[in-house]
Amino acid sequence: MNLPNHASVVVIGGGVMGCSTLYHLAKSGVSDAILLERNELTSGTTWHSAAQVRALRSSKNLTDLVRYSVSLYSSLEAETGQATGWINKGSLSIATNPDRLAFIKRQEALAHLYGVEASSISVDEASERWPLMNTDDVIGAVWSPGDGRVGPSDLCAALVKGAKSNGAKILEHTDVTGIKTRGNRVVGVETSHGEISCDAIALCSGLWSRENAAMAGVDIPIWPCEHFYLLTNPIDGISGNLPTLSDHDNHLYIRDDSGGLLVGCFEPLGKPIDPGQIGKNFAFQLLPEDWDHFEPMLENAMQRLPCLADADVRMLLNGPESFTPDGSFLLGESAETQGFFLGCGMNSVGVATGGGAGMALAHCIVHGHTPFDLHEADPRRFPDCFNSVQALSERVPEVLGKHYAIHFPGMQPDSARDLRPTPLHRQWQQHKAHFGQFFGWERPLYFNKQQEPRLSFDKPEWFEQVAVEVDHAHNGAAVFDQSSFGKIDVSGPAAEAFLDRVCANNMRRDPGRAIYTAMLNERGGYESDLTALRFERDHYRLYVGTSAVKRDLAWLGRHLQGDEQVIIEDQTDRFAVLALMGPKSAAIMAQLGASEIGGLGYFRHCRALVAGIEVDAVRLSFVGEAGWELTCRVEDSEQLYNEFQAAGAMPAGMFAQGSMRIEKRFLAFGHDLDTDLNPFQAGLEFTLDWESDFIGKSALLEYREQAPASRLVSIVFDAIDAQPLGNEPVYHDGKIIGKTTSAAFGYRVGKPVAIALLQNDSGLELDGLRVDIDIARSQNAGTITLDAAWDPTGASMRP
């Protein structure tokens, strides 16, 4: 076997993701890239994929990946001479209950926002498109004409042909036995036929990715489940190709196949399977049929398609697919090892997404970043607690089962819970908290829960309780538990110079100052926003978002230069953070013997004793009410909270905090901020220190004298009963001009409010502009304000 000594990039895995990544690397000029496949191309999962390609996803950028796939799959034959089996017959989504109808109408609105063709059609029209369908219980449908399907093996053959034509190589029957690293960086691959030195590795090995990643010192939370679909012999009434029928209320997807039917399912609770049972030599085999498990889905299918009752079954296919704890795939560089890139855990959308995802992964390897923000797929979004076999084997069956679930506001997973209780978890249980899971942490969403809430798109059952909690913060004193926030200590002789480079604000301020700042990428987009406390000349603490700590630690570590004398330490688990907010908080501080804290200026901090407990107190607010965030040792947090409660403060949860921060237009990464958005668009240019040579400065200098093409604004709705959630299209004069990024009911303004990112190519005067927001295809009027919806004092995040 002709094994090269060196390759710039080694791709591990010859499924659709690996073949697409290799193709795009070669097209990008990486002509010495090589793909290693343990068995043969498409073995494992790709070969038996149902290969549906549905464009609409939860974000525009994820949708654009699939749209790129559609464009690629329909054009590869002209480029390579190899057909891909692309069939464009559209997809039909049906609803059998009002909640599903509201959901698919919200998806239709989302499709319009993202430029995907979709339209509501009548039940009669749906029946015309699928004549074999029983529509007795169908109450509505949405038609998406751009969707289709592809031949997975043909697709991979075309990708490989294109990759080879640009110099790339493929080696089948070549097992990766080890990954060589030096100084936390990839330097080579050991195989069953020898070693290859390399600069980067793209791990696209599907079911075996967890095992392969461990060779590089990388933990990835993926686990396989069994996935079923039924194939029949030809059936009368099926000629040619039909659209894909999505009957998600019955957990089904259905399409024609060779004159018969393919009936697939994402049953309510999947069957996990230990990768050890699959084995290394699992290539084109299948798992055993399980008719008992599939029978309820078959009954649903026969109700939808009565012709199935007399159909001749060809086979029940059962093949393993890998899933992640949140149902989104992994794409990007790992946190632990530089040069080790992940493209795996595809959650049954590998073929649909593979064309675009392979393009994005290749772009990330070549350019150091994805072509656009893909934080939903960032491998660094998971905490270590999800790497355990127990957590994964509990969670992934639920993930499979909720693949077609209605995504109601407030929806939370049921499995793999209590992995990371906050220090005050017991107290919150006593207050009857309803918890949500964030980066593994159990955080109170609201308190005084009387029963499990029924989720819906209407006014939520927790509405009045959240009003009570907002009132505590607005008229009394409320305690918000922010202990899950990441806490990163940066210290050492070069700490100031280091942070002045990686942060965009002035980090040279004296000890005792708190600094709100961004960490930007070279393009000027947000990698993180955070608050830094400077304790000493050589010691800072960075408070970062709950889900950002692993990403931010990796970002900081990779921007250390040479022998720069800086120590970076994760202190998250050592300290608790309680935010005491509201007009009565100053009196409580005085009552507890900490009146000196009351004299702190905005964005100032000090170390003090509160009821004899040592705290680091900082004067700032994420909810727009006067107060402090107080950091104490974990072991002191229970006593500190008890003192606050005894003095009259009441607990408030994340729903109250979210409502108040949206009213105040305080921005959140992953909702309002992302790696594509810059501080001018965010209205946060005041956080830039032009005297510093910070990362991203060169890019921002180009924007400095220009009006931003888009910007974040606030919208106050007219109707008190509107139910915005975020990600809704915003219209002006019948034209989409942007989208909501965060939304909630604003209890202090008495109306629903939203933060929205709007384009302003036509130079409209945005302040006071009347707009319509599309919520489930219903237009809801509102008014734009360039100020926060709630800002009686004019206070901002400005330090």
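Is Tyr68 buried, partly exposed or exposed, and what is its relative accessible area? In this predicted model, Tyr68 is partly exposed, because its relative accessible area of 29% falls between the 20% limit for buried residues and the 50% limit for exposed ones.

**Surroundings of Tyr68**

Tyr68 belongs to helix α2, which spans residues 60-80. Leaving aside residues up to four places away in sequence, Tyr68 touches His24, Gly355, Gly356 and Met359. With one of these residues, His24, the side chain of Tyr68 also forms a polar contact of 2.7 Å. Phe457 stands 389 residues from Tyr68 along the chain, and the C-alpha atoms of Tyr68 and Phe457 are separated by 32 Å.

Another part of the model contains a barrel, closed by six strands in the order β34-β37-β36-β35-β38-β39 with antiparallel pairing. From one strand to the next, the twist averages 45 degrees. Asp772 is placed opposite Ala781 of β39.

Helix α3 packs on the sheet and touches β35, β36 and β38. The direction of helix α3 makes about 135 degrees with that of β36. The residue ranges of several of these elements are as follows.

| Element | Residues |
|---|---|
| Helix α3 | residues 98-114 |
| Strand β35 | residues 729-732 |
| Strand β36 | residues 735-746 |

Definitions and conventions:
Residues numbered from 1 in each chain as written. Predicted model: local features only at pLDDT ≥ 70, side-chain atom pairs only at ≥ 80, totals over all residues. Heavy atoms only, no water. Helix = DSSP H or I, 4+ residues; strand = E, 2+ residues; numbered from the N terminus. Buried < 20%, exposed > 50% of the residue type's maximum accessible area, 1.4 Å probe, protein only. Contact = heavy atoms within 4.5 Å. Polar contact = N/O pair within 3.5 Å; in protein donor to acceptor, adjacent residues only side chain to side chain. Pairing = 2+ DSSP bridges. Axes fitted to C-alpha atoms, helices over the stretch in contact; angles between N-to-C directions.
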